[in-house]
Amino acid sequence: EEMGAMEQFVGPSHEPLPPPSRPLTAALVTHLHGDHTDPPALARALQPGAPVLRPAVSTAEGLDSAGTFGAEAGLAEHGLATDIVDVWDSRTIGPFTVTAVPAVDGFGDPQVSWVVEADGERILHAGDTIFHGFWWSIVARLGPIGTAFLPVNGAVCEFPHKQPFSPIPATLDPERAAAAAHLLQVDRAIPIHYGAIEGPPIYAPIADAAQAFAREAAALGVTTEIIAPGDRVPALRAQAA
């Protein structure tokens, strides 16, 4: 019953994603919170047997596992072909090389970021990591990032299963996201993880986070683009042409 009650706080509460134009050959999930791992949507979007690349299974128990238990159960229920990828390990999927790189979850749940490379492009998707000290290592091992998708809403959370609550944001805020983009030596930074969920005091994000991120990034000489949900992001080479 306690687990069921927690779903109102940590379960999916986002708008449906636009469906893919064709069945997908793989999915990458940064962590198993309900707003980042949606098993029914994955089952609809993926080809049969397509892998779902993911971080380690949480070792938390009881209410401490409330952030991940729903997605874990859903992955198993839908029979999805999960593949746990350790930090710095890579997988090759068609023309893509995908590498799990370090990330730190604001609640202590397993999380990775993903670097995806193909055809001369290198992107990073940072899930909803907080600020950490691995940015330099990512560049040293894999090279500067072309396009980084970085969370920016700096949400402060008062979840019942995480008490006493922390006044520190559980995801990157605009200032720290801009610093991460600078350290990753990006050509372009795109803000994500903002504007979709708001419910203070349980979940209190920063207002106008994308615009604040653009200002902070500009002060560091970082180019930004704000992309509307559902819009396609052109390759950097296409923009240069």
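The buried residues of α5 pack against α4, β8 (147-151), β10 and α6; contact means heavy atoms within 4.5 Å, and buried means under 20% relative accessible area, with exposed over 50% and partly exposed in between (1.4 Å probe, protein chains only). This is a predicted model: local features need pLDDT of at least 70, side-chain atom pairs count only at pLDDT 80 or more, and totals for chains, interfaces and linings use all residues. Residues are numbered from 1 along each chain as its sequence is written, and side-chain values use heavy atoms, with hydrogens and water left out. Helices (H or I, at least four residues) and strands (E, at least two) are DSSP runs, numbered from the N terminus.

**Helix α5 and its partner α6**

- The buried residues of α5 are P174, A177, A178, A180, A181 and L183.
- Helix α5 (residues 174-183) and helix α6 (residues 209-219) have axes that come within 8 Å and cross at roughly 45°. Axes are lines fitted to C-alpha atoms, for helices over the stretch in contact, and angles run from 0 to 180 degrees between N-to-C directions.
- That angle makes α5 oblique to α6. Angles under 35 degrees count as roughly parallel, over 145 as roughly antiparallel, 65 to 115 as roughly perpendicular and the rest as oblique.
- The crossing of α5 over α6 is right-handed: the near helix is turned clockwise from the far one by less than a right angle.

**Six-stranded sheet**

- This open sheet runs β4-β5-β6-β7-β8-β10, with mixed pairing. Two strands pair if DSSP finds at least two bridges between them.
- β4 (90-93) and β10 (188-192) are the edge strands, each pairing on one side only.
- From one strand to the next, the twist averages 20°.
- Strand β6 (residues 112-118) and strand β7 (residues 121-125) run antiparallel, joined by five bridges. A118 has E121 of β7 as its bridge partner, and W114 stands opposite H125.
- Two residues separate β6 and β7 in their hairpin, where D119 in the turn has a positive phi of about 50°.
- β7 and β8 run parallel, with three bridges. H125 has F149 of β8 as its bridge partner.
- Helix α4 (residues 135-142) lies across β5 (96-102), β6 and β7, at about 150° to β5.

**Three-stranded sheet**

- The order is β1-β2-β3 in an open sheet with parallel pairing.
- β1 (27-28) and β3 (81-84) are the edges, each with a single partner strand, so one side of each has no neighbour in the sheet.
- Four bridges pair strand β2 (residues 51-54) with β3 in the parallel sense. V52 has T82 of β3 as its bridge partner.

**Backbone exceptions**

- Most residues other than glycine have a negative phi, and most peptide bonds are trans.
- Q185 is not a glycine, yet has a positive phi of about 60°. Q185 sits in the loop between α5 and β10 and is partly exposed at 46% relative accessibility.
- H193, also not a glycine, has a positive phi of about 60°. H193 is in the loop between β10 and β11 and is buried at 18% relative accessibility.
- The Q163 to P164 peptide bond is cis, with omega near -5°; P164 is in the loop between β9 (156-157) and α5.
- P200 and P201 are joined by a cis peptide bond with omega about 0°; P201 lies in the loop between β10 and β11 (203-204).
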